[in-house]
Amino acid sequence: MKKLVILGAGTAGTMMANHLVKKLPKKEWQITIVDQYKTHYYQPGFLFLPFDTYTEEQVKKTGKKFIPKGVNYIQKKIELIKPETNKVELENNESIDYDILIVATGSKTAPDETDGLLGPLWRKDIFDFYTFEGAKALRDKLRTWEGGKMVVHITEMPIKCPVAPLEFAFLADTFFKKKGMRDKVEITYVTPLDGAFTKPTCTKALNYLLEEKNIKIETDFAIMEVDNDKKVIVDYVDREIPFDLLVTVPTNMGDEVIERSGLGDDLNFIPTHKHTLQSKEHKNIFVIGDATDVPASKAGSVAHFQAETLTDNIILFTKGFKLKQEFDGHANCFIETGDNKALLIDFNYDQEPVHGTFPFAKIGPLKLLKESVFNHWGKLAFRWIYWNMLLKGIPIPFVGRNMSFKGKIFDIKENN
Amino acid sequence: MKKLIANREIDVNEEGYLLDFNQWDKEIGTYIANECNVSMTDKHWEVIDYLQDKHHKEEALSIRGIKKSGVINIKEFYNLFPGGPLKISTKIAGIPKPKSCI
C-alpha cells in the first residue's frame, strides 16, 4: 500500500482529501490527513464577526465532519517534516511515512514580529481580526466603543486575503453610520504599499470609495513599533500615527513546523513551482494554499482553483507522467464595500482585475469591479457554498480553474 | 505605452514602471532616478542589484527582506529613496512594484 499524507485540514487540505479520495485507487493508496486542531473556521467570516453580522456559530464547525470516509484522520501536532527519509514526526514520538506529501499548513498571524504590538494595550485598544479570538474580542470592544481615532493597519505583505483590511474599513464606516456615531469616528487606513489600490485598473475604478466614505489614507508606512504609552504607531522614518483603537493585521507567516523542518523562506512559506504546485526542492512534496510562496493571493478561492490542478498533477505523478503547467494564479473574490454592496474581482498572475460580467459573458448576473447589491448577496451566499460545496470538492458551476477571458473588458477607462 | 527614456523608446505601464526588463540598463535607471529626484550613488546601485536579483528569483520584495538583506538597514533605505523606498527603488530597477490584489 502506498501512502499519501496531507498536512493541515484547513480549506486547502480538506479540499484535497475530498478530491483525492475519489481519484486515487483505494487498493493502492492510503490517504492520511493530519491537523492538531479540532475546529475548522470559516475565515472569511472573521471580517463580519466584529460587526455582529455573523455569530460565532456561523464561522466554526468541527473539522472532522468535512473529512471524507476512507481518509485516515489524525488529530495531532506535527513536529517535523523529514524529506530525506520521507517521514513526518508527530507529537509523542509517533511518526508516519509517506510516498507523496501535500503540505497545506497555511499561514497565521505573528504579532510578536512587531515591537510593542503585544504590549499592555493588546486586546484592550489594539486588536486583530485575523484570528477567531481577535475578531471576537474586537466585536466586544466595538459594542461599547464611544468613538475616536480608528486606525486600520497592515504590517507587511504578503497577508492572507490582502483586501480584507480595506473591507474592514468600509464596513466600519457603515457600522458607525448605522449606530449614528460616524461623526465621532475618524477612520485612517495605513498600508506599507503605495496606495489602498495598487493596480492602475483598480485605482481608476475604485479610488472614489475612500473619498465617499471619508477614509483617510497613509501610504508607504513600514511599521517599526507600537508605542503603547503614547498610543501611536511609528515607522522607520519616525512618522507617527495616533490611535484610540488600532485594528492591525500582524505579519503573516507560514507554520512553525515549516521553519523547524528548514523548508521555508524568511516567512516560512515554501518555495513552490507556481504552475505545477510541486515543491522546488523535493519532487514528492506538493504545496497548496497559503503555505506556498507563489505570487498569487492567499485566499480560499485560490486554494480552490489550485486544488483542481493539484489533484490532476498528483494523479499524473503517481503514474510517472509529466506534471501540467496549469495553475495561472486565478483568484475570484468578493469585496465588501459597505452599505450592503460589494465588488467582485477576477484576476490571475498576469491579468489585473477587469470589468465585465461573471460568470456568463454579457449576462452576469455578477458584475466585475463594480459595486452592486447582487455582489453583496453573493458574498453572503458564499458561506453556504463554502461549507456545503467548496470543502467537499464539489465544483462550482460555470467557474473554471483558469481565468476565463469571456465577457470581460480589458481596456478600462477612467470613471468607467 | 511607450515613453522616451534616455532617448530610447521604452515600454512602460501607466505609472512609468518598465514592462520588459530586457530594455533596462544603468542609463535607463539613472534617468528614472533623476525623475524621482534621486541621485544615484554606489550604495543606491547595490540596493538596485539586490532588488533585481530577488525579482529574477521570483522572490517577493518587502521591507522585511531589506532588513535581512545585509545590504542596507531600513532607515538607510528610506534615506536613499525618500518617500516610498520600495515603490521608487523598484521603478529605478526596472521591475514591478510590490502590489496587493487590487
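**Chatting through a two-chain model**

Me: What does UniProt say about residues 3-296 of chain A?
Reply: The unreviewed UniProt entry annotates residues 3-296 of chain A as "domain: FAD/NAD(P)-binding". Keep in mind that this is a predicted model.

Me: Thanks! How much of that span is helix and how much is strand?
Reply: Residues 3-296 of chain A are 20% helix and 28% strand.

Me: What share of chain A is buried?
Reply: Of the 416 residues in chain A, 47% are buried. As for contacts in chain A between residues at least 6 apart in sequence, 66% join residues at least 24 apart.

Me: Let's look at sheets. What is the strand order in the open sheet of five strands?
Reply: In chain A the order is S5-S2-S1-S9-S20, and the pairing is parallel. Strand S5 (71-74) and strand S20 (285-287) of chain A are the edge strands, each pairing on one side only. On average, neighbouring strands of this sheet are turned by 20° against each other, direction ignored.

Me: Now the open sheet of three strands: parallel or antiparallel?
Reply: Antiparallel, with the order S15-S16-S17 in chain A. Strand S15 (223-227) and strand S17 (240-242) of chain A stand at the edges with a single partner strand each, so one side of each has no neighbour in the sheet. The twist from one strand to the next averages 20°.

Me: What stands opposite Val234 there?
Reply: Val234(A) stands opposite Glu240(A) in S17(A). Strand S16 (residues 232-235) of chain A and S17(A) pair over three bridges in the antiparallel sense.

Me: How far is Trp384 from Lys38?
Reply: Trp384(A) and Lys38(A) are 20 Å apart in space, C-alpha to C-alpha, and 346 residues apart in sequence.

Me: On to chain B. In what order do its elements run?
Reply: From the N terminus on, chain B runs β-β-α-α-α-α-α, giving five helices and two strands. The radius of gyration of chain B is 13 Å, close to the 13 Å the globule rule gives for 102 residues, so chain B is as compact as a globular protein of that length.

Me: What share of chain B is buried?
Reply: Buried residues account for 33% of the 102 residues in chain B. The C-alpha atoms of chain B fill a box of roughly 35 × 30 × 20 Å along the principal axes.

Me: At what angle do H1 and H5 of chain B pack?
Reply: Helix H1 (residues 26-35) and helix H5 (residues 85-93) of chain B pack at about 145°, with axes 7 Å apart. Gly29(B), Ile32(B) and Ala33(B) in H1(B) meet Lys91(B), Ile92(B) and Ala93(B) in H5(B). By class, that contact has four nonpolar, one polar and one charged residues.

Me: Last one: how many residues of chain B are in contact with chain A?
Reply: 22 residues of chain B are in contact with 26 residues of chain A. On the chain B side, helix H3 (63-69) and helix H4 (74-80) of chain B are the elements that give two or more residues. H3(B) gives the most, with four residues.

Me: And how does the chain B side that touches chain A divide by class?
Reply: The residues on that side of chain B divide into nine charged, seven nonpolar and six polar.

Note on methods. Residues numbered from 1 in each chain as written. Chains lettered and ligands numbered in written order. Predicted model: local features only at pLDDT ≥ 70, side-chain atom pairs only at ≥ 80, totals over all residues. UniProt positions renumbered as here; feature names shortened; annotations may be inferred. Contact = placed C-beta atoms within 7 Å. Nonpolar A, V, L, I, M, F, W, Y, C, P; charged D, E, K, R; others polar. Rg over C-alpha atoms; globule rule 2.2 N^0.38 Å. Buried ≥ 20, exposed ≤ 12 C-beta atoms within 10 Å, placed from the backbone. Pairing = 2+ DSSP bridges. Axes fitted to C-alpha atoms, helices over the stretch in contact; angles between N-to-C directions.
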